[in-house]
Amino acid sequence: MAAWEEKFESKISEVATVDDPAHDLLHFRRVVALSKDLCRRENGNPEVVVPAAWLHDLVIVPKDSPLRSQASRLSAEKAIEFLGQLGYPEKYFEPIFHAIHGHSFSANVDVKTIEAKIVQDADRLDGLGAIGVARCFATAGLLKRAFYNMDDPFCDEREPDDAQFTIDHFYKKLFKTAKTMKTKSGLEEGQRRVESMRVFLDSLRSEILR
Ligand SMILES: [Fe+2]
Ligand SMILES: [Fe+2]
């Protein structure tokens, strides 16, 4: 697998950009490492999980593009085309396609295999925990969005509005994401990451509310 992985990594390096730290090469490395870990715990097939994890976002479509909901299908098609050129064993193409297609929220695919569940969990887990906090604030910078609402930073008395406030994204999306994990190990890790985000919010509360 190591020789294959070198090829997967060099392919994904062509699209992973430094413009968006939420989707740079480090993101792919983390998702691959996490996928391997979940794969061991959940008894998935690494021949399917590892290429799918490396190539899960081979086609990157901007958040505001009408093609956005098709990004994971386009990535799956491109990945299979690439694996074909490499001479990767064809018997894995169908489950790899399904795992890549199914990973994204916007594709809304019902993930059927343990391998697809693993890649989806790994990608979502990377948005949680300490790294999730880092990614969330990096995105805030890109979108020029405020860190928090001055009057009610932690949404104690209002609906979260993550178009305006970064901390609101924790409440609007991230904490809910932790509950969408499909594997047992993913759910446990998601819970751990939510705890660490709550610790972060507690520290922030003590620093900004005086
Ligand atoms: Fe993705
Ligand atoms: Fe991703």
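Residues are numbered from 1 along each chain as its sequence is written, and chains are lettered from A and ligands numbered from 1 in the order in which they are written. In this predicted model, local features need pLDDT of at least 70 and side-chain atom pairs count only at pLDDT 80 or more, while totals for chains, interfaces and linings use all residues; side-chain values use heavy atoms, with hydrogens and water left out.

**The iron sites**

The iron ion (ligand 2) is coordinated at 2.2 to 2.7 Å by His27 (NE2), His56 (NE2), Asp57 (OD) and Asp123 (OD). Donors are N, O and S atoms within 2.8 Å of the metal (3.2 Å for Na, K and Ca); water is not among the atoms, so sites may look incomplete. The angles among the four donor atoms of the iron ion (ligand 2) run from 83 to 150°, and the site is irregular. Four donors count as tetrahedral if all angles lie between 85 and 135 degrees; four count as square planar and six as octahedral if opposite donors are over 155 degrees apart and all others between 65 and 115; anything else is irregular.

Along the sequence, the donor residues of the iron ion (ligand 2) follow the spacing H-x28-H-D-x65-D. His27 lies in helix 2 (residues 25-42) and Asp123 in helix 6 (residues 114-125), so this pair ties together parts that are 96 residues apart in sequence. Helices (H or I, at least four residues) and strands (E, at least two) are DSSP runs, numbered from the N terminus.

Asp57 is placed in the loop between helix 3 and helix 4 (71-86), and His103 in the loop between helix 5 and helix 6, so the pair ties together parts that are 46 residues apart in sequence.

Buried means under 20% relative accessible area, exposed over 50%, and partly exposed in between (1.4 Å probe, protein chains only).

| Residue | Relative accessible area | Class |
|---|---|---|
| His27 | 0% | buried |
| Asp123 | 15% | buried |
| Asp57 | 12% | buried |
| His103 | 4% | buried |

**Helix 3 and helix 5**

Two packed helices are described by the angle between their axes and the distance between the axes. Helix 3 (residues 46-54) packs with helix 5 (residues 93-102) at an angle of about 45°, and their axes are 9 Å apart. Axes are lines fitted to C-alpha atoms, for helices over the stretch in contact, and angles run from 0 to 180 degrees between N-to-C directions. Helix 3 is therefore oblique to helix 5. The contact (heavy atoms within 4.5 Å) involves Glu47, Val48, Pro51 and Ala52 of helix 3, together with Pro95, Ile96, Ala99 and Ile100 of helix 5. Oblique covers the angles left over when those under 35 degrees count as roughly parallel, over 145 as roughly antiparallel and 65 to 115 as roughly perpendicular.

In helix 5, the buried residues are Phe93, Ile96, His98, Ala99, Ile100 and Gly102. These buried residues pack against helix 3, helix 4 and helix 6.

**Residues with positive phi**

Asn108, although not a glycine, has a positive phi of about 55°. Asn108 lies in the loop between helix 5 and helix 6 and is exposed, with a relative accessible area of 69%.

Cys155 is likewise a residue other than glycine with a positive phi, near 55°. Cys155 is found in the loop between helix 7 (129-143) and helix 8 (166-177), and at 13% relative accessibility Cys155 counts as buried.
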